[in-house]
Amino acid sequence: MAVTSPAPTASGTPRAPLAPGPQGRAIVRALLRIQRSPLDAMDHYAAHYGDVVRFDLAGGVVHFVRGAEQVRHVLVSNQDNYGKSNQYELLTRVLGRGLVTNEGPSWQRQRALVQPMFARRHLAPFADHMGRAGT
C-alpha cells in the first residue's frame with residue numbers, strides 16, 4: 001500500500017499520517033466485537049489494519065496499539081507525547097493518584113519505586129501462573 005506524505009501543519013512541519021481503522025457503520029460492529037472479546041478484537045483488527053488501529057468515535061479517537069516496537073514507542077521512547085485521556089480523572093476519584101492514573105514527575109517517582117519488582121528474578125516464579133491466566 002502506498003502512503004502519501006501528509007500535509008504540513010501551520011508551522012510547516014509534516015503531519016504524521018493517521019493510523020488506519022474501520023469507518024462508518026463498521027465502527028458499530030467493531031465496538032460490539034470489542035465488547036464481546038477485547039483480545040480477539042485486537043487480533044482481528046491488527047490482522048486487517050496493522051499494529052496501530054484508529055477508531056473514530058463520537059467522543060474522540062481511540063487507538064489500539066499492538067506489537068513490541070509500537071508499544072515501546074508509546075510507553076517508553078515517546079511517552080511524553082501520549083497523555084492520558086480525561087476519562088482517567090474519573091478513575092482518579094476511585095483509585096487515587098497511582099501508577100494507572102498519575103502522570104508527570106509524580107508518576108516517574110512512583111514508577112521508579114516499583115521498577116525493581118519487575119526485574120526478571122522477581123517475575124520468573126510467576127511466569128507459569130501468568131501464562132495459564134492468559135489462556
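The model is predicted, so local features need pLDDT of at least 70 and side-chain atom pairs count only at pLDDT 80 or more, while totals for chains, interfaces and linings use all residues. Residues are numbered from 1 along each chain as its sequence is written, and side-chain values use heavy atoms, with hydrogens and water left out.

Helices here are DSSP runs of H or I with at least four residues, strands are runs of E with at least two, and both are numbered from the N terminus. H2 takes in 12 residues, 38-49, and at 1.5 Å a residue it should span 16 Å; the expected span is 1.5 Å times one less than the number of residues. After H2 comes Gly50, with a positive phi near 110°.

Ala41, Tyr45 and Ala46 of H2 are buried, where buried means under 20% relative accessible area, exposed over 50%, and partly exposed in between (1.4 Å probe, protein chains only). They cover an arc of only 130° around the axis, which puts them on the same side of H2; the arc is that of the directions from the helix axis to the C-beta atoms. Leu39, Asp40 and Ala47, on the other side of H2, are exposed.

Ile34 is in contact (heavy atoms within 4.5 Å) with Ala41, Phe55 and Phe64, leaving aside its neighbours within four places in sequence.

Arg54 pairs with Asp56, with the closest N and O atoms 2.8 Å apart. Arg54 counts as buried at 17% relative accessibility, whereas Asp56 is partly exposed at 29%. In helix H3 (residues 68-77), Arg72 and Glu69 sit 3 residues apart, about one turn of the helix, and their side chains meet in a salt bridge (2.7 Å, N to O).

Methods. A salt bridge is a side-chain nitrogen of Lys or Arg within 4 Å of a carboxyl oxygen of Asp or Glu.
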